[in-house]
Amino acid sequence: GTADSDEAVSVKGPAGNLNAKGLWMAEKGNLILFKKEVKATIYQKKEQIKVNSPQGAQIDQTQKTLTTLGRTTVYHQGNVLEADKIIAYYTNNKNNQIEKVSAEGNVSIDNGKQKMTGNKGIYTPARKTILMEGNVILSQGSNQVKGDKASLNLMTGESDLKAKGRIKGQLIPNQLKGDKNEQK
């Protein structure tokens, strides 16, 4: 029913692979704690999601979650998501596809052109969208706007920002998307 090891462990399966420095397992394998550094590659259809969690990760087969421990970085199709804690929720089918990723604490997502930061975010890989809440900042070059909630479509670059009061920011006209000077 339980297992514990501080030796390096490597797990490979149809949904991806995972390397960690030790593991603890309970509940007949339904609860697995990968100790210390975790590097994982999750196959999402023909795409790959890479997860780096220096302090470890936990898989709960009953809840269908992968929870990282400590500051984590996730790479998916040129997008970089970072947060203090990340929980990936996967489906119950045989492919274990990731339905959504919840990020908490000092969250940032960067697609190379735009960056969004906030306190909490929900990333949906299938739609390539992220919803962010709490002290949200959207940045593109030197342009920056601040609000309470925002959504960002990582495919189109379109965003929607909301605030309880005023939206604050700085916009530099020749650096706005679509401006002829943007190419210089």
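**Close-up views of a predicted model**

**View 1. Strands β1 and β2 pair side by side.** Strand β1 (residues 3-13) and strand β2 (residues 16-26) run antiparallel, joined by nine bridges. Strands here are DSSP runs (E, at least two residues), numbered from the N terminus. Two strands pair if DSSP finds at least two bridges between them. Ser10 has Asn19 of β2 as its bridge partner. A hairpin of two residues links β1 to β2. This is a predicted model, in which local features need pLDDT of at least 70, side-chain atom pairs count only at pLDDT 80 or more, and totals for chains, interfaces and linings use all residues. Residues are numbered from 1 along each chain as its sequence is written, and side-chain values use heavy atoms, with hydrogens and water left out.

**View 2. Strand β2 also pairs with β4.** Strand β4 covers residues 38-44. Five bridges hold the antiparallel pair β2 and β4. Asn19 has Lys39 as its bridge partner in β4. In a regular strand, side chains alternate between the two faces of the sheet.

View 3. Strand β3 (residues 31-35) is antiparallel to β2, with four bridges between them. Ala26 has Leu31 of β3 as its bridge partner.

**View 4. A lysine sits over a tyrosine ring.** Lys100 lies over the face of Tyr89, 4.9 Å from the ring centre. A charge counts as over a ring if NZ of Lys or CZ of Arg is within 6 Å of the ring centre and within 35 degrees of the ring normal.
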